[in-house]
Each structure stands twice: as C-alpha cells, then as structure tokens.
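Trainee: I would like to learn how to read a structure like this one. Please take me through it feature by feature.

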Amino acid sequence: MLYIRMIFTILISLYTSRVVLEVLGISDFGIYNVAAGFVTMFGILSNSMSNATQRFLTFEIGKNDSIQLGRVFSMSVNIHYVIAFVIVLLAETVGLWFVYNKLTIPVERHQALMWVYQFSILTFVFNVISVPYNAIIIAHEKMKVFAVIGIIEVSLKLILVFMLQWLTFDKLKLYAFLMFLVSLIIRIIYTVYCRQNIKESKYAFFWDLNLFKKLLQFASWNLFGNSAVLMYGQGLNILLNIFFGPIINASYGIAYRLQAMVNNFVINFQTALNPQIIKSYASGDMTYMFDLIYKGAKYSLFLIFIFALPVVLETQTLLEIWLKTVPEYAAVFTQLMLINVVLSNLSGSLGVAAQATGNIKIYQIVIGILLILIIPVSFIFLKLGFNPQVVFYVSIVTSVISLFLRLLIVRGLIGIKIRDYLLEVVIRAGGVCILSIILPFCLHYYLEIGLLRLFVVSLATLFSISFFVYLLGLDATEKMFIRENIIKIKNKFHE
C-alpha cells in the first residue's frame, strides 16, 4: 500500500511541479522555495519531538502496554501544541526579520514574499499538531490507512494546481494559500480517523512529569541532530541564495524534489521496517533486530539504486521532458544529490537502531556536528570562487565519513559487529551496485540521446540490478524465499 501511494504521489508530483514552475515562473518558484524552506527550518522542534513520539509509542506497543501507550499519546499532543506556539513565536520575530532583511528577493516581490511566508507558517503549524496522529498510525503499522491519506493529500494538491491555472490572482500568493488549505484538510482527516479507530488516540488531558522528562530528554538530543539536518538542507539553500540569488534556488528546488521522489522509494520501505526494529529491541529479541538492520540497509540501497541510476544517467533528458524550461545547474544538482542519497543509504537502519535504545546522545552529537560542518566548509569554497555544485561534493565526502562513525557508535549501543555490517551491506550491496552500472552506462554512452535511450537505459538498469542482486546480493535463505514465492505465483496462474 505504501508503494501504491508512492507511485501515485510521484506521478502527480512530477506533473504538479512542472505546472507550478510554468505558472509561477523561475523567479517566483525560487522565492516560494526559499521562503517556505526557511519556515521548515523551525521544524527542528517538531521533527525532534516527532522522532521521540514515534519511538516511545512503538516501544510501548512492543511491550504490550496499552495504558502507558495512551498516556504517551496524550503527553505528546500537549507537547506538540507547545511546540507549535514556540514555532509561531520564533517565525514571527527572528524569522521575519531574517526573511525581510537578509534574503535576496526583487523589491517588487517583497509583499508576495510576506504572503508566502505567513501562509507557510500556518501550513507548518497544522503539520506539527498532526504529528502524534501520524505517529500512532505508523506505530500500529496501519500502513494502508497512512497510504490512503497520503493519496488523498497528493490528489488535493493536483486539484490545487488546476485552481492555480484557473483563478485570476497573484499566482504566488494563491499557491501559498492553497497549500495551507490542503494541510488543514489533511489534519482534520488524521484526527477523525484516529479518534474513531485507535482507542489510545482519544486525547484526554494528562500530565506526567517523569514521562515529560523522558520525552524531552530524548527529543532534546533529536533536536540537535535534526537541527544539523535542516541546517545542512535549508542552510545550503540559503547559502546558494546569498551567493547566486533566487534563480539558483529554483535549480536547487527542482533537484531537491527529484531527490525526494527517488528517496521516497526507500522511505516507504523504512517506514514499514522501523517499527519492527524498535519492537524487537523492546521485546529483547536482538538476533531478529540485527537481521532487520542488515537486511534493511541492504534492501534500502538496492531499492534506491534502481531508481537513482537511470535518473543520474539521463538527468538532462528527464528534466527536458518534465519541465519546459530547465534552470541552469538543475541537472548537475540532481545528479550530485542522488549520488549523496545512495551513499547515505549505506548507513540505512543504523539511526533507527540507535533510536530504539533511547540512548542517542553520542550518536546525535557526533553526526550532528559532522553535518553542521558542511555549511562553513561550503561557505569557504564558495567564497574562494568555486561553482555552486561544490557544496554537494562536500556533502558526499561527509556521507562517507559519517557511515563509519555511525557504525562505531551503534556498536557501542547494541553490540552490532562492524565486520558483519561491512560484509553484508557495504561490500555485498556496494559490489552489486558497482557491477550493475556497467550495462546501463554502456547503453547510455553508445545510444543517441532521446526517449528511446531513456527507456532502454531504465529497462537495462532494472534487469542489471535484479540480476546481480539475485546472483551476489542475496544469501541462500533469501534466494529460497524468492523461488518459493515465484512457484506460488505460477501455481495461482495455473489454477
């Protein structure tokens, strides 16, 4: 169900992104991307608490304690309303000053910028107070419901695009308002479903100082880690704006959306996998937990590589099909972002393993500092006159370093064997990816550019990766599982 949701989302997002870019224009699209992106930086508070909520809800389900589960949910609702208030306070003071005085925006679009900024804040607030409801649905592994609501959301965004074309109003202002309206509707849907179908989600005011401290302690370290992630993502966006202006932000925004679409193939898999890792730790089944970590990281890499490789090879062709006007640097930004995502997925499930223990202090400090360093290092290179893509080269090097640091930290938390992880994930899965490149790259190099080459390269990628995954990427048990299921499918067709 999550993959049906994902495919539906990607197809609609590809269309809506193209229309939005066409209707708004490159400059206004860049303004929306940098203004709305800046608001999401305040999400460090929400994201940190979201991870804490997800972990504690799932942990209590693993312990089979429904009473404590209800208490954790009610406490998380209280905290998220406080977070929403703090976000509004910060966004309307420090954030407002920064956006108005520091961003490079054409003078005649300052009013539209303020309109986008205010509605982006409202949109974000509604997303924040929906977090506990999203979290309890995922913790209960009700993936069908999560998928259906996701499809409803992207369908509303499709309607939004049509309205953007039909209505005569400042398109940038209208887009910001309609995005807010979609978030409000989705918030209502999540609340109604949870209250009617998940008994622990029926909110009742509850305050437990001890539980509050546990949630806050866990969230505070997540806050540091999430701050680093957002500073890295949106910080680079702002850095590029300062050095090159809003046009380059359009390229960044397009590349970021393509990267997010490809990354969704892994996120959906991990969304289904993560509760099992936490529950296995809660129940003390470490053997099953280690097996999930190895397989989760390995399969994540295979999944993302299937979709990332043809996009990297055929970036320019895809962008020309997708967009009528391709901003400068959009292609190279996309390629470098996807290479970085592939490398990041080598550490797949290690972060979830750390979250499961509840002891994330060292993990978040080390990885967070490493990510934060990307900004000043990138600034130095840009100041020296390097091209904008240098920021992604810095990110790629950082991803490789962070893999080995994550392994060292998680070994100390749960006793995972680094040698086994390197053999099962890095060497086995990495070897599959390297061998899988040969056929698609040869076809890309020798065939004439166009739709036919795009189709052939994509098909060759699927065949090549599938072949080497089965040949080298799977162990004997996994191969047996695949053969048994193929036989079952054949028998069903013969019945």
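Trainee: What percentage of the residues in the protein chain are buried?

Mentor: First, the general idea: buried means under 20% relative accessible area, exposed means over 50%, and partly exposed is in between, with a 1.4 Å probe and protein chains only. In this chain, buried residues make up 52% of the 495 residues. Keep in mind that this is a predicted model, where local features need pLDDT of at least 70, side-chain atom pairs count only at pLDDT 80 or more, and totals for chains, interfaces and linings use all residues. Residues are numbered from 1 along each chain as its sequence is written, and side-chain values use heavy atoms, with hydrogens and water left out.

Trainee: How many helices and strands are there?

Mentor: Helices (H or I, at least four residues) and strands (E, at least two) are DSSP runs, numbered from the N terminus. The protein chain has 19 helices and 0 strands. Its radius of gyration is 23 Å, close to the 23 Å from the globule rule for 495 residues, so the chain is as compact as a globular protein of that length. That radius is taken over C-alpha atoms, and the rule is 2.2 Å times the number of residues to the power 0.38.

Trainee: What share of the contacts join residues at least 24 apart in sequence?

Mentor: Contact means heavy atoms within 4.5 Å. Among contacts between residues at least 6 apart in sequence, 84% join residues at least 24 apart. Gln364 is in helix 14 (residues 361-372) and counts as buried at 8% relative accessibility. Leaving out residues up to four places away in sequence, Gln364 touches Trp221, Asn222, Phe224, Gly225, Gln355 and Ile369.

Trainee: Which residues touch the most other members of the largest nonpolar core?

Mentor: A nonpolar core is a set of buried Ala, Val, Leu, Ile, Met, Phe, Trp, Tyr and Cys residues joined through side-chain atoms within 4.5 Å. Here the largest core has 151 residues, and Ile293 and Tyr421 touch the most other members. Helix 9 (residues 246-282) supplies the largest share of this core, 14 residues. Apart from neighbours within four places in sequence, the contacts of Tyr421 include Ile293, Tyr294, Leu346 and Val426.

Trainee: Where is Glu60, and is Glu60 buried or exposed?

Mentor: Glu60 sits in helix 2 (residues 43-62). With 8% relative accessibility, Glu60 counts as buried. Beyond residues up to four places away in sequence, Glu60 touches Asp65, Gln68, Leu69 and Val72.

Trainee: Which loop holds Tyr329?

Mentor: Tyr329 lies in the loop between helix 11 (315-322) and helix 12 (330-344). The phi of Tyr329 is near 80°, a positive value in a residue other than glycine. At a relative accessible area of 24%, Tyr329 is partly exposed. Another loop residue, Gln389, lies between helix 15 (374-383) and helix 16 (390-414). Gln389 is buried, at 14%, and touches Tyr329, Val332, Phe333 and Leu336, not counting residues up to four places away in sequence.

Trainee: What is the phi of Glu141?

Mentor: Phi of Glu141 is near 60°, which is positive in a residue other than glycine. Glu141 is in the loop between helix 5 (131-139) and helix 6 (143-166), and is partly exposed at 29% relative accessible area.
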